[in-house]
Amino acid sequence: MSPTPTHLLSPADQERRRALRAMKGVALGALVFMAVLFAFSFAFEQDVPALAYVRAAAEGGMVGALADWFAVTALFRHPLGIPIPHTAIIPSRKDEIGRTLGEFVETEFLRADVVRTKLDQTRIAARLGEWLSAPAHAERVAAEASVMAGSVLQALSDDDVRDVIEELAREHLITPEWGPPLGEWLGRIVEAGAHHGAVDLAADSIEAWLAANQAAFSGVISRRLPGWVPSIAHRFVDDTVYNEAVKFVAAVRSDPGHPARVAIDAYLDRLAANLQHDPATIGRFEDAKLAVFDSPRVRELAGEVWTTAKAGLLRSLADPESGLRRRAVEALAEIGGRLTTDASLQRRVDSWVTDAAVFLVDRYRHDIASIITDTVERWDPAETTEKIELMVGRDLQYIRLNGTIVGALAGLAIFSIAHALLG
C-alpha cells in the first residue's frame, strides 16, 4: 500500500504524518538501542559478570519492542508484507468496522432518552432568541431565506405553475355552480336590508352626476320631436326631463319607502329565489360564467397572475431595502425578542423542538446511522487505513516505546529473581 502523496493531504493530515514519522523514529531508536546494548553486554559478559543483568534487560526490551511493533503493524498491514492470519485487520475488516460503528452510534447515541435528556438541558429557544435579536443576525437570516426563495421561484417551471393555477381556478371557480350559493347569499342580504346602503350610494352618485352634467341632457328628447316644433319648446322639453330626473333621484334618496326602492327590493328578492330554484336562471347564469371564464381566458389570466406575482416577488426578494425584506427582518427581530423574554413561549418552543427531534431520531435513527455504514463501505481500504493510522498512529507508537521499556524491566526482574533463587 503506497502512501498518499503529501501534497494531496490536508494541512492537518500533513502535520499528523510528520508527527507519526517522528514517533516511529523514536520507537525504532529504542529498539536499536536495546539491540546495541544486548550486543555489547553479550560480548563482555564473561569479563564483567554484572553485564548479565544488562543483557537480560536488553533481551526483554527487544522482545517487548518487537512484539508491540508486530501488534501495531498488524492493525494496518501485513508485517513485512507476509500475509500472516489475523493481520491487516483494518483494511480487511473495514466494512465490518463500519457496520459495528454504525450500530454503536445507533444504539448508544441515537436513543430517544439520550436525545431528550440532552435537549432538555439546552436552552434552545432562549439561545435562538438571543441570536435573532441581533439586527445583523436577523438581516442574515432574511437574506439567506430570500436567496433560497428566489432560487425556488426561478427553478419553478412557468408552464407547470400556470397549469396548477388553471386547474385550481377550474376546480374552485368554474366547475362548481355559482347560482344557488350566490342566490342564498343575495337572499340573506335582501332579508337583512344590507343592500340599502348600495342603493343610497347609487342614488348619491347619480345625483352628483346629474348636478355636474346638465348639458348632457340637451337634445336627449328634443331631437326626437318633429321639425316644426319651435326651438323654445325643445329647450323646455329637455329642461323638464332633466328636472324630473333630479326630482326622481332626490325622492328616491329621501324616501325609504319609495316605489323605486320597493321595486328594487322585489327584483333582488326574485333574483335570489330564481338563482336558487329556477333551472333556467341558473343555466343562464352558468352560461354567462363559462363565457367569461372559458379555457383560453383562464390560462391567459393564470399566466398573467403568475408572471406578475413572480416578477414582483423576485424584485422584492433581491432588494435589501424592499418592504418585504424590511418586514421580514422586523418580524425575525420581534420573534427573537419574544423568545428571549417570554418564558411561556420558550417552554413551548423547547417542547416542540424536543418532541420533533425525538420523533425524528426514534423513527429514522437506523437510516441516520446507516450513513456511517454506507460511507465506510464506499471508502477505499488503503485510504481508510492511512486515514485511521494518521489519526491514531502516533499514540500507538507510544505503545511500542512503552513495550520496550516494560519488556526491559520485565526481563531484568525475571533474570534477577531467577538468579537469586537458582544462583
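This passage walks through the fold of one chain, from its overall make-up down to a few single residues.

The structure is a predicted model, so local features were taken only where pLDDT is at least 70 and side-chain atom pairs only at pLDDT 80 or more, while totals for chains, interfaces and linings use all residues. Residues are numbered from 1 along each chain as its sequence is written, and side-chain values use heavy atoms, with hydrogens and water left out.

Let's start with the big picture. The chain has 17 helices and zero strands; both are DSSP runs numbered from the N terminus, with helices being H or I over at least four residues and strands being E over at least two. Of its 423 residues, 27% count as buried. Here, buried means under 20% relative accessible area, exposed means over 50%, and partly exposed is what lies in between, using a 1.4 Å probe and protein chains only.

Next comes the inside of the chain. A nonpolar core is a set of buried Ala, Val, Leu, Ile, Met, Phe, Trp, Tyr and Cys residues joined through side-chain atoms within 4.5 Å. The largest one here has seven residues, namely V105, L110, V115, L119, V358, V361 and A369. Helices α5 (112-120) and α16 (343-378) each supply at least two residues of this core, and α16 gives the most, with three. Zooming in on V115, and leaving aside its neighbours within four places in sequence, this residue is in contact with F109, A357, V358 and V361. Apart from this core lies another, made of six residues, among them M34, M62, A65 and A408.

Now for how the helices pack. Two packed helices are described by the angle between their axes and the distance between the axes. The axes are lines fitted to C-alpha atoms, for helices over the stretch in contact, and the angles run from 0 to 180 degrees between N-to-C directions. Angles under 35 degrees count as roughly parallel, over 145 as roughly antiparallel, 65 to 115 as roughly perpendicular, and the rest as oblique. A crossing is left-handed if the near helix is turned anticlockwise from the far one by less than a right angle, and right-handed if clockwise.

Helix α1 (residues 11-44) packs on helix α2 (residues 51-76) at an angle of about 150 degrees, with their axes 8 Å apart. That makes α1 roughly antiparallel to α2, and their crossing is left-handed. Residues making this contact include L31, M34 and F38 of α1 and V54, M62 and A65 of α2.

For α4 and α16, the axes come within 8 Å and cross at roughly 160 degrees. These two helices are therefore roughly antiparallel to each other, and α4 passes α16 in a right-handed crossing. Among the residues in this contact are G98, L101 and V105 of α4 and A369, I372 and V376 of α16. Helix α4 (residues 94-108) also holds E96, which counts as partly exposed at 35% relative accessibility. E96 and V376 are 280 residues apart along the chain, yet their C-alpha atoms are separated by 9.3 Å.

Helix α7 (residues 135-155) and helix α15 (residues 323-341) have axes that come within 9 Å and cross at roughly 130 degrees. The pair α7 and α15 is therefore oblique, and the crossing is right-handed. Where they meet, α7 brings residues including A138, V141 and A142, and α15 brings residues including A328, V329 and L332.

Finally, a few single residues. L80 sits in the loop between α2 and α3 (89-92), and A88 has its place in the loop between α2 and α3 as well. L80 is not a glycine but has a positive phi of about 55 degrees; A88, also not a glycine, has a positive phi of about 55 degrees too. L80 is exposed, with a relative accessible area of 72%, whereas A88 is buried, at 7%.

Note on methods
Contact means heavy atoms within 4.5 Å.
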